[in-house]
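Have the structure open as you read.

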Amino acid sequence: MTVKDVISHLEELAPLATAEDFDNVGLLVGQKQTKVTGVLVTLDTLEAVVDEAIKNKCNLIVSFHPIIFKGLKSLTGKNYVERTVLKAIKNDIAIYAIHTALDNSFNGVNAMMCEKLGLINRQILIPQTSSIKKLVTYVPISSEDTVRMALFNAGAGSIGNYDNCSFNVEGVGTFNGNEESNPVVGTKGNTHSEKEIQINVTYNKHVQHAILQALFSSHPYEEVAYEITTLENQNQNLGMGMVGEFKDAITEDEFLKTLKSTFNCGVVRHSSIIGTPIKKVAVLGGSGAFAIGAAKSKQADAYVTADLKYHDFYQAEDSILLADIGHYESEQFTKELLHSYITKKFTNFATVLSKTNTNPIKYL
């Protein structure tokens, strides 16, 4: 099993194409063809984590946060980032970071937060836009079923709880091949009319390569006519944050105590108590001040996130309970998620859950 094999399965869970543009995800150190001896799963990759990988004979570290975020202009060991990268390289250890690709996954970071809190009826808080593509192609009637099924099998035509979705229009296509052409129907040099089906399907942008491969391999024509457009539709299965509900409403005090115990928080910073029962809850792991408005628009009773600044709490405006549980605390269960996922996919090598506490913040 190679590093590439592990990456392929990780990107089924969280395709890198769905990560935020500012992020630095993927294989940061190492080579894809390297044979894997073991995987260490961590939230952050630090020198101590690399030491842990060495001790456990793991030559691949799967990290939530990327150790390399901004460009490196040198590798001299002058800071913790450079020292970590140098140690990984010296010991032939690969580092893969998944970060906002997993943030945006329906079964990712925020799903784990909801799971730990026992929230049901989950939906994405801020659905992504521009992540859904539409393909239009034109196929002779005799080949429509073959091409359509090839597109479906490659991942096209899935909308929410439905798959094999398409829209089809019958019409007539015309073409005239030159002397270099080799038409499947008609003859070169003569304009030919053919009854065709216009097939319309949508798909998530990260499967576009597979979709086009399926189209070209299944379509009978020498030249395949097709159009691709990017849709502004919200992607209900992809995006930042998540909203869910408790089966029964609880008081604000009960809710805050639940947060503190569930996430093992040193402290929970929160906005004013307003006397509203807490039933609908929005969550967003990591820095989530930007989504306060979205949580309010979803009519959440509470919003759980991290890294809120002084003035962010004013946005509560007595209409929502804002709770800052800490950056590390909000994302800590990501390790469990990745460890469980990799363990189920691969049984022929060790997958180790890092025991290193990488939280840089301490509480008195």
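Predicted model: local features only at pLDDT ≥ 70, side-chain atom pairs only at ≥ 80, totals over all residues.

The notes below take a helix pair, then the cores, then one lysine.

Start with helix H6 (residues 144-153) and helix H7 (residues 208-218), whose axes come within 8 Å and cross at roughly 160°. That makes H6 roughly antiparallel to H7, since an angle over 145 degrees counts that way. The crossing of H6 past H7 is right-handed.

Who meets whom here? On the H6 side you'll find Thr146, Val147, Ala150 and Leu151, and on the H7 side Ile211, Ala214, Leu215 and Ser218. Sort the residues of this contact and you get six nonpolar, two polar and no charged.

In soluble globular proteins, nonpolar side chains tend to be buried together. In this model the largest nonpolar core has 52 residues, and those touching the most other members are Leu10, Leu60, Ile98, Leu102, Phe255, Leu259 and Val283. Helix H5 (residues 109-117) supplies the largest share of this core, with six residues.

## Lys345

Is Lys345 buried or partly exposed? Partly exposed, with a relative accessible area of 38%. Lys345 sits in helix H11 (residues 334-345). Val6 is 339 residues away from Lys345 in sequence, yet their C-alpha atoms are 8.6 Å apart in space. Setting aside residues up to four places away in sequence, Lys345 touches His9 and Glu12.

Key:
Residues numbered from 1 in each chain as written. Heavy atoms only, no water. Axes fitted to C-alpha atoms, helices over the stretch in contact; angles between N-to-C directions. Helix = DSSP H or I, 4+ residues; strand = E, 2+ residues; numbered from the N terminus. Parallel < 35°, antiparallel > 145°, perpendicular 65-115°, else oblique. Left-handed = near helix turned anticlockwise from the far one by under 90°. Contact = heavy atoms within 4.5 Å. Nonpolar A, V, L, I, M, F, W, Y, C, P; charged D, E, K, R; others polar. Core = buried A, V, L, I, M, F, W, Y, C linked by side-chain atoms within 4.5 Å. Buried < 20%, exposed > 50% of the residue type's maximum accessible area, 1.4 Å probe, protein only.
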